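Hi there,

Here is the structure I promised to pass on. Have a look at it first, and my notes on the helices and the sheet follow below.

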Amino acid sequence: MDVPSAMVLPLLIVFAAGVYYIYNEVMHFMSKSIARNKVVVITDAVSGVGTECAHLLHKAGARLVLCGTGWDKLESLYDALTSGANPRETFAPKLVILDFSDMDTMDEVVADLIDCYGCVDVLICNSSMKLKAPVQNVSLEQDRNIMDINYFGPSSVAKGVLPTMISRRSGHIILVNSVQGRLAVPFRSSYAASKHAAQAFFDCLRSEVGEYGIIVSTISHSFINASDASPVKGPAPKQSALAAFINSQLAHGVRPSVLANEIVQTVNRKRKEVVLAHPIPRVALYLRSLFPPFLFAVLAAGVKDSVQAEQMQ
């Protein structure tokens, strides 16, 4: 029986949606089987993204080592994961205090991480510190602190677990970075610099350890949108049409649950680079490579608009 031409497109859409659904279900099942019994370390596990990751990987049967700067939040997360969990299918997480702002303790912390199970299969470097301010207002102490948390901390932990991964000829290191590790945005000089440094380090690491069967992945995401947008009080500052459009697009951000799911899928698929961002940041990344003068002009215009808006208030 011939299918009317008007029905071809709807049928194709339904077929494609069905294939996509089945693919996601298969990948979700595979991610559970792959994570099972794996020793997974999550830095800053008490953050929104870290907590979502912990829940997903705990349900998948991973042996979690959760890191945070204080016992209270870590123990609360522990209780949330273990309450009602089936001990025959899941493992009780182990907790380790990890504070990247105190680099003198890194050797001791790395030893604690390895002692939990004797090895590390997957390291998820999730910690991050943000700072928004003009360059001239950022002190050297702030520069150093943000570099410790965003660059020296993750790189130190990666170096610490590397010998056990090399000896076992396997392992997966994931850096949860930012699109600002590839694209510098005004008023975020220290943050962007630290993310650029981390991106470069893990790119080099990927090339150096590939021969040992170790996978290094970087996930570059736009800002984390953990809450609903708050209503704007009073009249909005005037902006150029281009700046207003970009701001409206960037306001969506990435939900912690979406990013956490992408991290788990990266563990499964062993992808080496992931960009999780709205189309506008993606376009900006291409412009940075292909038409940098145009991008610089757009960014400078945005800075000028924001300065003029502040002067009018």
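In this predicted model, Met 106, Val 110, Leu 113 and Ile 114 of helix α4 meet Ser 156, Val 157, Gly 160, Val 161 and Thr 164 of helix α5, where contact means heavy atoms within 4.5 Å. By residue type, this contact of α4 with α5 has 6 nonpolar, 3 polar and no charged residues (Ala, Val, Leu, Ile, Met, Phe, Trp, Tyr, Cys and Pro count as nonpolar, Asp, Glu, Lys and Arg as charged, and the others, Gly among them, as polar). The axes of α4 and α5 come within 10 Å and cross at roughly 45 degrees; axes are lines fitted to C-alpha atoms, for helices over the stretch in contact, with angles running from 0 to 180 degrees between N-to-C directions. The two helices, α4 and α5, are therefore oblique to each other (under 35 degrees counts as roughly parallel, over 145 as roughly antiparallel, 65 to 115 as roughly perpendicular and the rest as oblique).

Helix α5 (residues 140-168) also has α6 (residues 189-209) beside it: their axes come within 8 Å and cross at roughly 15 degrees. That makes α5 roughly parallel to α6. Among the α5 residues in this contact are Ile 146, Tyr 151 and Leu 162, and α6 contributes residues including Phe 201, Phe 202 and Leu 205. The contact of α5 with α6 divides into 14 nonpolar, 4 polar and 3 charged residues.

Now for the sheet. It is open, with 7 parallel strands in the order β3-β2-β1-β4-β5-β6-β7; two strands pair if DSSP finds at least two bridges between them. Helices (H or I, at least four residues) and strands (E, at least two) are DSSP runs numbered from the N terminus. β3 (94-97) and β7 (273-276) stand at the edges with a single partner strand each, so one side of each has no neighbour in the sheet. From one strand to the next, the twist averages 15 degrees. Strands β4 (residues 122-125) and β5 (residues 171-176) are joined by 4 bridges, and Cys 125 stands opposite Leu 175 in β5. Helix α4 (residues 106-117) packs on the sheet, touching β1, β2 and β3, and its direction makes about 170 degrees with that of β3.

Two notes on reading this: residues are numbered from 1 along each chain as its sequence is written. Local features need pLDDT of at least 70, side-chain atom pairs count only at pLDDT 80 or more, totals for chains, interfaces and linings use all residues, and side-chain values use heavy atoms, leaving out hydrogens and water.

Best wishes
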